[in-house]
Amino acid sequence: MSDKEILLSTDKICKVFTKNDGTKFTGCKDVSLQLYRGETLGLVGESGCGKSTFVRTIMGLHPATSGHIYFKGEEITTLAGEKRRQMAKHIQMIFQDPATAFNPKMRIRDIICEPLRNFAKVSDKEAEARAVDLLQQVELAPEIALRYPHELSGGQRQRVGIARALILEPEIIICDEATSALDVSVQDSIAKLLARIQKERGVSYIFICHDLALVSLISHRVAVMQNGSIVEELAGDKIMSAKHPYTRKLLDSVFTVQGNK
Ligand SMILES: Nc1ncnc2c1ncn2[C@@H]1O[C@H](COP(=O)(O)OP(=O)(O)O)[C@@H](O)[C@H]1O
Ligand SMILES: [Mg+2]
């Protein structure tokens, strides 16, 4: 990957939360990572270790306490207002539970087109055409455009989430536990879809997931986070043979669960 363009890089990102009682809590600490064009960077670690905090900081959903974030070499750490809004064209995020992420009163057509409408006037007819095109790309039937979120399965909703993330043609999509609420077979088909989209569009992913086998399958590289810091970075296909004690512990906890079945 070293000959490829670095799309996103972070330099010692720290996020410290100050609670209502004034006590401080470090969500992530000194996180320095690079994301190359067209690659999938897996991010793994125990629940509560700071994965979402880190990606939410990248998205500008909360300010970094210290450190720097660069998109194509330009610092975006403190972007605000219109400049921050424009970043949505480059970096999109897909969340765990599209059932709660979507407005239940909006048709799928309008959910998919909402990010576009934030930038341009789009008629219902145009919106429908764009939505149908994107539905096809995520392997859903065109009729779905006129349905409401509750009329879809979890897997279908997550495909709609992907279609919505694609409409602005971003270079980076951050998937924060995007497959975690789904059945294993559905997870697998979503992972395949993400891989196909990457092949066709060259989009990069940061893929957060607690299923290490899935992460290993989909990621070119994997970063392992413990207590807010990156403790190991390794090739995706090397995760199962990782040597770091914390990564081994993550792997062992998976095997224990499977062994108990
Ligand atoms: N807005 C917030 N205010 C205070 N603490 C937070 C906030 N968001 C997350 N945290 C804390 O930061 C830690 C890391 O959380 P999170 O990034 O959500 O972990 P992960 O995504 O790895 O499960 C947790 O202990 C969580 O309680
Ligand atoms: Mg999280």
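The model is predicted, so local features need pLDDT of at least 70, side-chain atom pairs count only at pLDDT 80 or more, and totals for chains, interfaces and linings use all residues. Residues are numbered from 1 along each chain as its sequence is written, and side-chain values use heavy atoms, with hydrogens and water left out.

Let's start at strand 9, residues 204–208. Helices (H or I, at least four residues) and strands (E, at least two) are DSSP runs, numbered from the N terminus. Five of the five residues of strand 9 are buried, so the strand is largely enclosed by the rest of the structure. Buried means under 20% relative accessible area, exposed over 50%, and partly exposed in between (1.4 Å probe, protein chains only). Ser-204, Ile-206 and Ile-208 point one way, while Tyr-205 and Phe-207 point the other.

Now look at the neighbours of strand 9. Strand 4 (residues 40–44) runs parallel to strand 9, joined by four bridges, and strand 8 (residues 172–176) pairs with strand 9 in the parallel sense over five bridges. Two strands pair if DSSP finds at least two bridges between them. Phe-207 stands opposite Gly-42 and is also the bridge partner of Cys-175.

Finally, find the salt bridges, of which the structure holds 18. Each is a side-chain nitrogen of Lys or Arg within 4 Å of a carboxyl oxygen of Asp or Glu. In one of them, Arg-109 meets Glu-128 at 3.3 Å, N to O. Arg-109 is buried at 11% relative accessibility, whereas Glu-128 is partly exposed at 28%.

Methods
Chains lettered and ligands numbered in written order.
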